There are 2 protein chains.
Amino acid sequence: MAKLVAPETSQIDHSFCPVYEAINVLQEKWTLHIIRTLLDGPKGFNELSRAVGGCNPATLAQRVEKLEHLGIVSKTIHSTMPPRTSYALTEAGQALQTVIEAIDRWGRQYLPEPVAL
Amino acid sequence: MAKLVAPETSQIDHSFCPVYEAINVLQEKWTLHIIRTLLDGPKGFNELSRAVGGCNPATLAQRVEKLEHLGIVSKTIHSTMPPRTSYALTEAGQALQTVIEAIDRWGRQYLPEPVAL
DNA sequence: TATAGTGTTATGATTAGTCAAGTATTTGAA
DNA sequence: TTCAAATACTTGACTAATCATAACACTATA
């Protein structure tokens, strides 16, 4: 799995760059949507799914697990049967509000119309 | 950001929400890396590829084309043979610096160590 | 002449994401 | 009572995205 790194002449060293890592975390599909939704307050799984809009449960479960692992989201199980869970942002997750706000401002200014692809 | 308090309803209208669209644009793999790299200044294709680090040329070409279409990146062909091109950020692209900076600050504060997956 | 550079595009393989359906249980309505 | 809907996911099959690699035409340097 370890890959031989190209000669040092022209390759940039990403060995540990916080911005690079942060971008890698946030760039996964649905991640930013999930965080934005949770900025509104804690939500259960299906509630989150509906609010995010369009993410299928398999992907959502995987994303939420990874975010929990990264300390961005916390999961609380209130009762096992009937199942009742809630997902909330940790401090690190709340701190992403500044990122979402920056995206929000940019979007309002530079995406005034629906994007046709 | 407007914190629309949705007490019980939980169904959100995404008909046209600039933040939602902006997130969709920025969440695609390599997009933020490309923009961050170009904040450093205009680059040629291979130069960009090296600086971004790890993106394969097919994907990079596709991303860059989409970003050009969205008015975030501009492409200038200086000569066809030998090929010489340069990719640069437009005004809308430059405006994403605030987003990258927010991610940067977050990363430095909350990702102090390499993320093990 | 040989090697490395330019900007792409083509290939076929791998990985990531999607879809529909199912699990076990309770709550609320008919 | 019995049925439908809700809860939080999981599973397996499928498709779309991304991957590494190589090719192309051509120049500039060694």
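From the N terminus on, the elements of chain A run α-α-α-α-β-β-α-α. That comes to six helices and two strands; helices (H or I, at least four residues) and strands (E, at least two) are DSSP runs, numbered from the N terminus. This is a predicted model, in which local features need pLDDT of at least 70, side-chain atom pairs count only at pLDDT 80 or more, and totals for chains, interfaces and linings use all residues. Residues are numbered from 1 along each chain as its sequence is written, while chains are lettered from A and ligands numbered from 1 in the order in which they are written.

Chain A has 117 residues, and 33% of them are buried. A residue is buried if 20 or more other C-beta atoms lie within 10 Å of its own, exposed if 12 or fewer, and partly exposed in between, with C-beta atoms placed from the backbone. Of the contacts in chain A with a separation of 6 or more, 45% are between residues 24 or more positions apart; two residues are in contact if their C-beta atoms, placed from the backbone, lie within 7 Å.

Next comes the relation between the chains.

Helix H1 (residues 18-26) of chain B is largely enclosed by the rest of the structure, because seven of its nine residues are buried. Among them are B:Tyr20, B:Ile23 and B:Leu26. The buried residues of H1(B) pack against helix H2 (31-38) and helix H6 (97-110) of chain A, and against helix H2 (31-38) of chain B.

DNA strand D is surrounded by 21 residues, and the closest include A:Phe45 and B:Lys29. By class, this surface has eleven nonpolar, six polar and four charged residues. Ala, Val, Leu, Ile, Met, Phe, Trp, Tyr, Cys and Pro count as nonpolar, Asp, Glu, Lys and Arg as charged, and the others, Gly among them, as polar. DNA strand C is surrounded by 20 residues, with A:Thr59 and B:Asn46 among the closest.

Notes: A residue is near a molecule or strand if its C-beta atom, placed from the backbone, lies within 6 Å of it.
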